Amino acid sequence: MTRALGALNRHGERRRLVALAIFYALMVPAEIAYFETRGTAYGIVDLLSGLTWTAAGLVAWHKRPANPAGLLMVAYGVVWVVAGNRYLDGPDWAATVGWVFSGGTHSACAAVLLLVFPGTRVKAAFDRWLLGFIWLEVTVLYWAYLLFRDPASEPCDDCAEGPNALGIVPDADVAETVLNLWSTVSYFTAAIVLLRLGMRWRAASAVARRALAPVLLTGAVAILFLIVYVAGAISYVVWAPALCLIPLGFLAGVLRTRVTRSTVGELVVELAEMPAPDRLRQALARALGDPTLELGFWSQDLGTYVTADGQTLELPESDPRRDVTQIDYGGQRQAVLVHDPALREDEGLLEAVEAAARLALQNARLQAEVMAQLEEVRRSRQRIVEAGDAQRRRIERDLHDGAQQRLVSLALSLRILQSELGNAADPKVEALLDQAGAEAEGAISELRELARGIHPAVLVDSGLAPALEGLARRSPVPVEVRELPATRLPAAVEVAAYFVCSECIVNAARHAHASAMSIVAREDHDSLVVEVSDDGVGGAHFGAGSGLAGLRDRVEALGGTLVVVSPPGRGTRITARLAIARDSSAVT
Amino acid sequence: MRVLVVDDHDGFRRIAALLLVAAGHQVVGEAADGRGALDAVRDLAPDLLLLDVQLPDTDGFAVAEALARSPTPPLVVLVSTREAEDYAELLAGSPARGFIGKDKLSAQTLAATIGA
């Protein structure tokens, strides 16, 4: 029905207006007849009623084309005016048409409206039966009355007197009986409709109640007026306009159902500017008018829906207050909306919002995927750095166990040889042995320095603090070690910190011509901060030859940062911040 | 003195033994790891241990600590290919008598370390 209405809307509001204009032009004779029979006051009230329903219906139809309320209200207005044809003196067929529609067809339209509003379908089977019964009553039952109606037995000055072509078996008694029956049934069904309305209000969610409230309010006012009128305190002319409030109530209710084409349009614009997942939920909740809306994104890794901040979203199983709409795209799960069930009553709504949000949702998912890929790249960098460190440790170990041991044995052997020869040695032999021993010692210490440069053993065995102290002791530039970490840290962090310091010392001695340096290595929340300062010439940068670029790569591969402050002539300070992460390699 | 040489490198054990004998000591045994060292000390009761820091199953400092708890612990001199500086803090807290870099090992340095 929604789609049919939508199609109607597209093809011609103008056509609709033209048709109504023609219709009203045709109804002018009937209106004049009504005015002549009932008088000006009644005439104006009658006209006003019909026009209010039609006008409100047109506005509702225009603003909410997917909602049948507009159509039903226009139908009410049309039928109301058509029934007025029974006041015509002639022609017969015109007056009969008026009689045919006088059984309360307008009320039947109102009944449909009351049982559907603010949704688009009559859901309950009971309501459908009720409406079927009402339509039968306002048509067939009333036509039965028309069959037996005997105008002669009902003389009155201001009644409708138009010819009734259906009145072929005039019988006043039967007519009266049928009319009474019709009357009773009308009141009865009206009461039941109001009861159903009350039940729907009680079961309605907040969103549905927002639409129903104006209807109930205006209805209550009209009923109040009716009671006062029936009690005789006011005349028809005073209470009948109160009925005109009711279409206004429906209009207000319809306008309170939030989503229109323009709302969806606004949503699309909003979404184009704010792809961030958490703002997306807010935008959708605002557009749908449902503050309880929850938005979940499908996570391929976890196999569940997660909210914008990474928490798992549990889908409600059988909660009558919560409805679930899955949003798939290209056959794959993308996202899910958990919302007020009343949003389903307007069928086009969720579809429109889904379509508008699809792009933003895809965007958000892609962003999340890119973040995951970036994270994987970062981890692979870290693995490469750690693999390099592990390899260097092995080289140092091999050097130690292999070449260094042999050189040591060589040096010791030479010493033993010297002591064996003792004083009996030829001075030339003595000199050669001394030289050989010196070469061996030289080789040993050079190899030791090399091993230390590759991967200092003390760093592995004892940790960062003693390693930095050793570095300071051996440094050509005096180094003041101001602060050191008290505990062991993950191996990758200690290695990176050590090499930052050793590289800085080399730079300070070689390039900056510094005369004093200081090192600070302290824990700050869940990071290690290493600061190396010197009083050299400054001007350090990340270019070739300074080794700083390599340091930065190593530090950043561990998810850290390296900052160089080196104004020319004012010394250099290098600050590295390393995350002491839980997922890095095990503490040695 | 009766000396036990502990080192996982057999070349060094040979050379060290030669040096020790030339210096007038008696080499009563050899061991190649920490476990073996503790057993040998129990069996042979040497006066002096020449103990490498890098051992396959443990390190020299742990062995020195373990020995220090026994009733009559032998003197322990730690040796290593690496320098004393690399072990500065560990040495400061160790019950070992001293440390000699392997390449510096000689009768004189040994005597100096024991006597000191």
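This is a predicted model: local features need pLDDT of at least 70, side-chain atom pairs count only at pLDDT 80 or more; totals for chains, interfaces and linings use all residues.
**Close-up 1. The lining of the second largest cavity.** The residues that line this cavity are Glu396(A), Gln404(A), Arg448(A), Ala451(A), Arg452(A), His455(A), Pro456(A), Ala457(A) and Val458(A), together with Arg82(B) and Asp86(B). The elements that give two or more residues to this lining are helix H13 (347-421), helix H14 (427-454) and helix H15 (457-461) of chain A, and H14(A) gives the most, with 3 residues. Sorted by class, the lining of the second largest cavity has 5 charged, 4 nonpolar and 2 polar residues.

**Close-up 2. Strand S1 of chain A and its partners.** Strand S1 (residues 294-299) of chain A is mostly covered, with 5 of its 6 residues buried. S1(A) pairs in the antiparallel sense with strand S5 (residues 332-339) of chain A over 4 bridges, and here Gly296(A) stands opposite Val336(A). S1(A) also pairs in the antiparallel sense with strand S2 (residues 304-306) of chain A, over 3 bridges, where Ser299(A) stands opposite Thr304(A).

**Close-up 3. Confidence along chain A.** The mean pLDDT of chain A is 82, and 89% of its residues reach 70 or more. Within this chain, confidence is lowest in helix H1 (residues 2-11), at a mean of 54, and highest in strand S8 (residues 527-534), at 93. Over residues 584-588 of chain A the pLDDT is below 50, although this stretch has 14 contacts in the model beyond near neighbours in sequence.

Definitions and conventions
Residues are numbered from 1 along each chain as its sequence is written. Chains are lettered from A and ligands numbered from 1 in the order in which they are written. Side-chain values use heavy atoms; hydrogens and water are left out. On a 1 Å grid over the protein atoms alone, a cavity is a set of points where a 1.4 Å probe fits but cannot get out, and a pocket is an open set with protein on both sides within 12 Å along at least five of seven lines; lining residues have an atom within 4 Å of a point. Ala, Val, Leu, Ile, Met, Phe, Trp, Tyr, Cys and Pro count as nonpolar, Asp, Glu, Lys and Arg as charged, and the others, Gly among them, as polar. pLDDT is the predictor's confidence in each residue, from 0 to 100. Contact means heavy atoms within 4.5 Å. Buried means under 20% relative accessible area, exposed over 50%, partly exposed in between (1.4 Å probe, protein chains only). Two strands pair if DSSP finds at least two bridges between them.
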